Amino acid sequence: MDSLKDAILGRVGEYVDSHINFQKDVDDLRERVEDLKRRRNDKETELRTVDLLKKKVKEEVHGWLENARRIIDEMLDIEEEVQNVPYLSRGNLGRRVRQKIHEVKEIYDRGSFPEGLVIERPPPIGSSLVIENLVGEVDVKNKIRKYLRSDEVGLIGVCGIGGVGKTTIMKHIHNELLNEATFNKVIWVTVSHPLNIIKLQGDIARKMNRSLNDDEDELERASRLMDIMKTVKYALILDDVWDKFTLQKVGILEPTMENGCKIVVTSRSVDICNYLRCQVVKVPPLSKQESLNLFLDKVGRDILQISDLEEIVKLTVDECAGLPLAIVVIAGSMRGVKDICEWRNALRELRQCVVAADLEDEIFNRLKFSYDRLQNSNIQNCFLYCSLYPEDYEISKKDLIEDWICEGLIEELGSRREKHDKGYTIINRLENNCLLEKGYKSRHVQMHDVLRDMALCIKSTGPCRYMVKSQMGVTEIPHENEWTEDLEKVSLIANKISYIPINMSPKCQMLSTLILKANESLRQIPECLFANLLGLKSLDLSFTGIEALPNSICNLENLTTLILRGCRHLECIPSLAKLKLLKKLDLYGAGLLVAPRGIEMLVNLEYLDLSCPKLGELPEGMIINLFRLQYLCKGGISTEETIRVEEVVRLKMLESFEGSFYQLKDFNSFVSKLKHLGRLSHFIFVVGSYNNVHFRKFDYNNCLKKVILQDCEIRGEDDLVLPDDLQDLTIGLCSTVSDVSIFLKNITQLRRYELWKCKGIECVVSSSSLKPLTVMNNLEYLRLSHLPSFCDLVRVTKTTEWHAPTSPHIFSSLKELHVVMCSKMKKLFPCELLPGLQNLGRVNVHSCVEMEEIIAWEDAEGNQTTAAFTLPKLRILIVEELPELKRICPKRGVMICDSLEVIKIWSCPKLKRIPLSLVGNRSPSLKGIYVEPKEWWESLEWENPDEKNALLPLIKF
């Protein structure tokens, strides 16, 4: 009895104590949660700096971050209860607060991770390269492969004149080696000309996922590189070697029979290969028949159907001397030409071109024939401009067009969109003429090294020369005597220049372009550098370490472009008021604390990017008179309105605008006035918190109208006004929103839609009538993430029936569906939706702990017939961490997916069947099935044993 009495008194005492100290405990919890939030933010910031291609985040870190996020979300609920709890009930809530304090403390303490957040990934063998089709050269390729297999040969030299196909052959071999188990590492390095040992050492080390100390000298770096290379069996391909060197001087481990390593050098010089003691393999020109076949592949075989043209075509091919590059480029310049007179004239001009003093000039002259045939000086100058980029550099098409606009190479047109359209037209012309190549990345191009050499040769003489030393490991700015009066453009991109002499003042009155981009060690620009560069029109100092600009920049009154993008140490800029001709000012990512003085005077500005993370509100009236402005970007972290709506709506020429709105009412006000900006075709609006916002930048070739709502209080229909032409919507951390579809009634062009961490959202669209669901007709991408209450893609009331033809078209354009951590969702979509999912190409379902079915069919249990579910364009199916998943489709169903390429099934222990029709010719595109664990695969049930045998070659554990 006494023990019961003591227990009751203890509980009462605890309750009274919780009641008395309620406010103190709540304040303590708030402080601890804020500490936890700061620690979580620090960890997430640290992870953003990690190279996830090399490192893997520890599972315990993933778990800790999820727990931290959960606690922070739960604190919102507690705060709401604190506001509404009756006075006499505070004791009960107080007990929960104390429990939460202990839980927060425990989670906080577990988040120290003294041994780091990541572990090393197993290093990849190498990265595949973009390759063109190999024409001829089979014997050469086989000979090189034979030497690579031989124990007797360690160094192989592939020789031949420029454009004969050395690099293309080796790219094919490189990619083949990646798919074999012969070497631990396959390394491709393009060797710069002239040779820079320091750069070559660094490039090799980086390809081996290691780094060398920039402060060490060449000899010390060689020793360290040698130690690194001793750890792996490698194949090293050194492409385009022009200068003699020794392996020992660089620090390259010499191949031996014992270490099994191989080195392949490509060079135009047999002497260099002999100097390195290589087994020489010469690449001969193509035969006449191979040359003709390649030419016809590029120019179009229908050309031979034109009367009397076959002989002229063959004579034209003969003038290419069997050089694949010359054949491709010249064929590209003649594509679409049908007139025999034009062909005869082209043959005559080509024959005149190839008369040269030496072989190298003869090659260049053949290639220059295609350059001359552009017959447009602007397009020719656009081509020549590409040589300012480093060798083998992947050039973004969008950035290249921006550069051309800045250089005045694209004529003045009515809008920036029209200029970009013109730019893409020029790029297509250069690609079609084979003067530019498609890059490895989408929307990128490359310049063949021989064509770049030709361009630099063209600009090496005459009154308007280029000086180009891009990505060559240069540590000092070129000596003043190299800055001659006839220079037009100077490019020193991506070097290691850290110092410009304080008295350096080159006299280059004709210099129009100076590019010092990506010299991260450069801290200061001397006052006198610009004193005699008064003709300068374009100055690019982006991604340098400069801390201030000299006052002399104010005297560059001919300047039209000033790019200071990514200069995070730059905190102040002198007044720009005198730069009246300035059209583009890019300060994205600069460290500015206040807006530069004088911007309001730059009435010719067309492009202004003020997205500086530390920059707050702009001065009143700063942009109000910039009537020519077409592009305006002002994002950033601020608790105030960073840009005045009434000033923006006066910019009638504005086409692209990115802005952040701290208050939802300011955003709604702006949207209501959008009609005043009739030319606005691109926008990104961030509403609420700007933290952790990541999005694509503007691309005029891909129209973008995007709104990001983050940490906003949205309750009723009147709380939010969205643009009617919205294409991309992201809503995150909006805990009060429950039904988003009420805001989308008038939106018909939505293409991308993302919902994350909105605890009240239960479905994507909800309606008592199916008509409003047509808002999803144009949707192509849908991502649902961390939605704890989410249950259904589409919620239709009981009074509404699924009926054709309306309902199947709800997601008729959807291409990608991602569902991540939606813990209450049991079924991905009902089978009634399938007829409208005929464009679906990717499905990714991850960590939905209650997910039981991917395709649900309510009548499946009573139906004894086999049902076929067709998704004709599905390429990728991923289901991961779904502990309750029992079926991908109904028990007697089968999925027909003829385009399927990849299946990934990880940690779905209750799934017993893969219901895909895969045997025979039904899925010729399938490349791999990734499963985990292996025991799960062995436990699967098969109606037809042949299915398992057919899939075995594709299984990857």
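A cavity, as the word is used here, is a set of grid points where a 1.4 Å probe fits but cannot get out, and its lining residues are those with an atom within 4 Å of such a point. The model described below is a predicted one.

## Overall make-up

The protein has 957 residues, of which 51% count as buried, and its secondary structure comes to 23 helices and 36 strands. When contacts between residues at least 6 apart in sequence are considered, 65% of them join residues that are at least 24 apart.

## The largest cavity

Seven cavities of 30 Å³ or more are found in the structure, and the largest cavity contains about 60 Å³ of space. Its lining is made up of Tyr385, Asp403, Cys406, Glu407, Thr513, Ile515, Ser538, Asp540, Thr561 and Ile563. Sorted by class, this lining of the largest cavity comprises four nonpolar, three polar and three charged residues.

Side chains of opposite charge can pair when their charged atoms come close. Across the whole structure, a search finds 61 salt bridges, and the table sets out three of them.

| Nitrogen side | Oxygen side | N to O distance |
|---|---|---|
| arginine 351 | glutamate 319 | 3.5 Å |
| lysine 583 | glutamate 412 | 3.1 Å |
| arginine 416 | glutamate 606 | 3.8 Å |

In the salt bridge between arginine 351 and glutamate 319, the partners come from distant parts of the chain, 32 residues apart: arginine 351 belongs to helix H14 (residues 340-353), while glutamate 319 sits in the loop between helix H12 (310-318) and helix H13 (324-334). Arginine 351 is partly exposed, its relative accessible area being 38%, whereas glutamate 319 has a relative accessible area of 17% and is therefore buried, the cut-off being under 20%.

The side chains of lysine 583 and glutamate 412 also meet in a salt bridge, and here the partners are 171 residues apart, with lysine 583 in the loop between S15 and strand S16 (584-586) and glutamate 412 in the loop between H17 and helix H18 (416-432). Lysine 583 counts as partly exposed at 32% relative accessibility, while glutamate 412, with a relative accessible area of 52%, is exposed.

For the salt bridge between arginine 416 and glutamate 606, arginine 416 lies in helix H18 and glutamate 606 in the loop between S16 and strand S17 (607-609), so the pair ties together parts that are 190 residues apart in sequence. Both arginine 416 and glutamate 606 are buried. A network of salt bridges links Glu402, Glu412, Arg416, Lys419, Lys583, Lys584 and Glu606.

## Cysteines

A disulfide is a covalent bond between the sulfur atoms of two cysteines. The structure holds zero disulfides. Cysteine 273 is buried, with a relative accessible area of 0%, whereas cysteine 464 counts as partly exposed at 28% relative accessibility.

Lysine 459 lies in the loop between H19 and strand S11 (465-468), and at 10% relative accessibility lysine 459 counts as buried. Not counting residues up to four places away in sequence, lysine 459 touches Leu384, Cys464, Arg465, Tyr466 and Glu488.

## Isoleucine 78 in helix H3

Isoleucine 78 is part of helix H3 (residues 59-84) and, at 5% relative accessibility, counts as buried. If its neighbours within four places in sequence are left aside, isoleucine 78 is in contact with Leu29, Arg96, Val97 and Lys100. Isoleucine 78 and leucine 93 stand 15 residues apart along the chain, and their C-alpha atoms are separated by 8.6 Å.

Key. Residues are numbered from 1 along each chain as its sequence is written. This is a predicted model: local features need pLDDT of at least 70, side-chain atom pairs count only at pLDDT 80 or more; totals for chains, interfaces and linings use all residues. Side-chain values use heavy atoms; hydrogens and water are left out. On a 1 Å grid over the protein atoms alone, a cavity is a set of points where a 1.4 Å probe fits but cannot get out, and a pocket is an open set with protein on both sides within 12 Å along at least five of seven lines; lining residues have an atom within 4 Å of a point. Grid points are joined across faces, edges and corners, and a volume is the space filled by probe spheres set on the points. Ala, Val, Leu, Ile, Met, Phe, Trp, Tyr, Cys and Pro count as nonpolar, Asp, Glu, Lys and Arg as charged, and the others, Gly among them, as polar. A salt bridge is a side-chain nitrogen of Lys or Arg within 4 Å of a carboxyl oxygen of Asp or Glu. Helices (H or I, at least four residues) and strands (E, at least two) are DSSP runs, numbered from the N terminus. Buried means under 20% relative accessible area, exposed over 50%, partly exposed in between (1.4 Å probe, protein chains only). A disulfide is a pair of cysteine sulfur atoms within 2.5 Å. Contact means heavy atoms within 4.5 Å.
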